[in-house]
Amino acid sequence: MTMRSTRITGLISFGIVLLLGAGGWLNRWNIYDSIRLRNYQPPAAVAQIATDTTMNDKTRRLFYVYHPDLEDKATFNGHCQSTEKTIVLGCYISGQGIYLSNITEARLQGVIQVTAAHETLHAAYDRLNANDKQHVDDLINQAYTRVTDQRIRDTIEAYRKNGADVTNELHSILGTEVRDLPPELEQYYTRYFTNRKAIVAYSEQYEKVFTEQQQVVTQDDAKLAELKKQIDGLQTGLGSQAQALKSERARLDGLLAAKSYDAYNAAVPGFNAKVGSYNAQVNQTRGLIDQYNSVVAERNAAALEENQLVKAIENSPSTIDSQ
């Protein structure tokens, strides 16, 4: 009897340990979050980002759990070492933190907000249970088939080639950069943000800056191609006319030397008309060349500005000069 009681007591104790273990596992995120948030006070800039991106209380808490930090390029590169071909503006490291590149370029206002929301969605995706994740993955992959934005598709393809978890990336990209989503997926994102489209507006705002510069370059390249075609055509024609006028002038000089004044005088008006036409085309060509050079300057200025914008968000480490 005593042995049986001991055995039963042992089984009950073992069962309690299992239940406690299971309960601890199910409650692991709450435990982890409580530890991480103990004595944590978000900096004002971090709290403002949470407000700007309309994070609800649960998402704001998740954001703070990872002690988000706005970092200069050198510090950021130390935390976010990536081999991705895409420009990296932030990273989420599970069990460690969320790191954001502190972009200060005024024309790119909003890029930090979008990046913060993007990285927080990575943390949220990590916490989905298996059933939720499968359902959300299906919604995401279906929604992606409707995305026509070539920039986004190129970005996803770069992730794919780099071996990244494409669905995980799409979970963040669709949630922060795509305005129109299927209703069920839109409803899903209300778990995290009270106004998801406010984040998309930030994305559209700074992407517009890049798009406008790219459009200037593209339009100017088309102008330059057309101007070059006109200039090349005129210059080819001028070359033929110059040769013909040179021959005609030699013939007139011969008539004059031979004192064939009647023939000379009869030929001069036609020759002068051809010279006038030639000179007019020369002036036209010069005008087109001046226009071409002006468009080149405009195009290069736009390309330089675009390059400066890229450099403002680029976080590639700099080389060090040797002694």
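The structure is a predicted model, in which local features need pLDDT of at least 70 and side-chain atom pairs count only at pLDDT 80 or more, while totals for chains, interfaces and linings use all residues. Residues are numbered from 1 along each chain as its sequence is written, and side-chain values use heavy atoms, with hydrogens and water left out.

The protein chain has 12 helices and 3 strands; helices (H or I, at least four residues) and strands (E, at least two) are DSSP runs, numbered from the N terminus. Of its 323 residues, 36% are buried, where buried means under 20% relative accessible area, exposed means over 50%, and partly exposed lies in between (1.4 Å probe, protein chains only). The chain exposes about 19300 Å², and carbon and sulfur atoms supply 53% of this area. Such areas come from the Shrake-Rupley method with a 1.4 Å probe, and for residues only the protein chains shown count as cover.

Next comes the interior. In soluble globular proteins, nonpolar side chains tend to be buried together. A nonpolar core is a set of buried Ala, Val, Leu, Ile, Met, Phe, Trp, Tyr and Cys residues joined through side-chain atoms within 4.5 Å. The largest such core holds 50 residues, and those touching the most other members are Phe63, Ile156, Leu174, Leu185, Tyr189 and Tyr192. Helix α6 (residues 111-126) gives the most to this core, contributing 9 residues. Tyr189 shows how one member is packed: beyond its neighbours within four places in sequence, Tyr189 is in contact with Leu121, Leu170, His171, Leu174, Gly175, Leu181 and Arg196. A second, separate core has 6 residues, including Leu227, Leu234, Leu288 and Val295.

Val136, Asp137, Leu139, Ile140, Ala143 and Tyr144 of α7 are buried. Seen down the axis of α7, these buried residues fall within an arc of 170 degrees, so they line one face of the helix. The arc is that of the directions from the helix axis to the C-beta atoms. An α-helix has 3.6 residues a turn, so residues three or four places apart point the same way. Cover for the buried residues of α7 includes α6, α8 (150-161), α9 (166-177) and α10 (183-189). On the other side of α7, Ala130, Asn131 and Gln142 are exposed. The loop between α6 and α7 holds Leu128, which is buried at 10% relative accessibility. Not counting residues up to four places away in sequence, Leu128 touches Lys133, Val136, Tyr188, Arg191 and Tyr192.

Helix α9 presents another arrangement. Its 12 residues reach 15 Å from the first C-alpha to the last, close to the 16 Å expected at 1.5 Å a residue. Of these 12 residues, 12 are buried, among them His171, Ile173 and Leu174. Glu169 also belongs to α9 and is buried, with a relative accessible area of 11%. Leaving aside neighbours within four places in sequence, Glu169 is in contact with His118, His122 and Tyr159. Ser203 sits in helix α11 (residues 196-257) and is buried, with a relative accessible area of 2%.

Finally, the structure holds 1 disulfide, a pair of cysteine sulfur atoms within 2.5 Å. This disulfide joins Cys80 to Cys91, with an S to S distance of 1.9 Å, and the link is left-handed, with -70 degrees about the S-S bond. Cys80 lies in the loop between α5 (73-79) and β2 (90-93) and Cys91 lies in strand β2, so the pair ties together parts that are 11 residues apart in sequence. Cys80 is buried at 8% relative accessibility, and Cys91 is buried with a relative accessible area of 12%.

Conventions: Contact = heavy atoms within 4.5 Å. Expected span 1.5 Å × (residues − 1).
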